[in-house]
Amino acid sequence: MTFIAPHYQKAKKDALISFFKKDRFLIKTPWWLKKLYPGCLWDMAAEAKTLYLTFDDGPHPAITPFVLEELKRYNAKATFFCIGDHVMKYPELYCRYIQEGHAVGNHTQNHINGWKTDDITYLKDVENAAVHIQSDLFRPPYGRITRQQIRKLCNGSVADRPLIIVMWNILAGDWVPDLSPEKCYQRMKSKITDGDIVVLHESEKAWDRMRYCLPRLLEYYSRLGYQFAKIG
Ligand SMILES: [Zn+2]
């Protein structure tokens, strides 16, 4: 039996919290982070030559049409985690996701942080988004959600159905302003493996990097014989 001193455990936890507070990120999700949230979906079964592109924070009036056109060129399917408020503003773009064969998921009504929000407010926000987004899939904004919130979302007590919490395996960092588009692309390419769930953003903050990376990812992996599939 091993014994880990409580102060060591606390130091480990504090180090982890300060790491993520500084808006740093890990390109490839490590096993230990997946273990902290065992009920979540982090990657798909490593089906040969299949990747799962996901886009957060849409729909957006200028960015969404670009993404949909790029995906269409490669017959690629993707999963869009939408903000309820944006779906209310751009319902026609939300309909396009579905009409063009993609999957949609709930990303809360107002893009709130689960670590900074009490459970009742958080779950109500998810429920409000579920009125506009019909989906079994949920991704927490910033990936920040408590175990208690996960439990409630998974057991079906919110949004009339049990939700599957979808995290990711590859985080592009496309929202980081001082990351060059080329570096963002190369970092992703160096880490991607079969069955990975990749996160990109439909946001103005990410636009410079995302519009550079997406066409290149589609082209490069299509040439290697990969297909792009939606989750679910
Ligand atoms: Zn988001």
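**View A. Packing of helix α8 against helix α9.** Helix α8 (residues 181–191) and helix α9 (residues 207–223) have axes that come within 8 Å and cross at roughly 40 degrees. The structure is a predicted model, in which local features need pLDDT of at least 70 and side-chain atom pairs count only at pLDDT 80 or more, while totals for chains, interfaces and linings use all residues. Residues are numbered from 1 along each chain as its sequence is written. Helices are DSSP runs (H or I, at least four residues) numbered from the N terminus; axes are lines fitted to C-alpha atoms over the stretch in contact, with angles from 0 to 180 degrees between N-to-C directions. α8 and α9 are therefore oblique to each other (under 35 degrees counts as roughly parallel, over 145 as roughly antiparallel, 65 to 115 as roughly perpendicular, and the rest as oblique). The crossing of α8 past α9 is right-handed, that is, the near helix is turned clockwise from the far one by less than a right angle. Pro181, Cys184, Tyr185, Met188 and Lys189 of α8 meet Asp208, Arg209, Tyr212, Cys213, Arg216, Leu217 and Tyr220 of α9; contact requires C-beta atoms, placed from the backbone, within 7 Å. By class, this contact of α8 with α9 comprises 8 nonpolar, no polar and 4 charged residues (nonpolar: Ala, Val, Leu, Ile, Met, Phe, Trp, Tyr, Cys and Pro; charged: Asp, Glu, Lys and Arg; polar: the others, Gly among them).

**View B. Packing of helix α3 against α9.** The axes of helix α3 (residues 63–73) and α9 come within 10 Å, crossing at roughly 10 degrees. α3 and α9 are therefore roughly parallel to each other. Ile63, Phe66, Val67 and Glu70 of α3 form the contact with Trp207, Arg211, Leu214, Pro215 and Leu218 of α9.

**View C. Packing of helix α6 against helix α7.** Helix α6 (residues 119–132) and helix α7 (residues 147–154) pack at about 40 degrees, with axes 11 Å apart. The crossing of α6 and α7 is right-handed. Asp119, Tyr122, Leu123 and Val126 in α6 meet Gln148, Gln149, Lys152 and Leu153 in α7, a contact with 4 nonpolar, 2 polar and 2 charged residues by class.

**View D. The largest nonpolar core and Leu200.** Among the 55 residues of this core, Val126, Ala172, Val198, Leu200 and Cys213 touch the most other members. α9 gives the most to this core, with 6 residues. Such a core is a set of buried Ala, Val, Leu, Ile, Met, Phe, Trp, Tyr and Cys residues joined through C-beta atoms within 7 Å, where buried denotes 20 or more other C-beta atoms within 10 Å of a residue's own. Beyond its neighbours within four places in sequence, Leu200 contacts Leu53, Phe55, Ala172, Asp174, Ala206, Met210, Cys213 and Leu214.

Terms used. Helix = DSSP H or I, 4+ residues; strand = E, 2+ residues; numbered from the N terminus. Contact = placed C-beta atoms within 7 Å. Buried ≥ 20, exposed ≤ 12 C-beta atoms within 10 Å, placed from the backbone.
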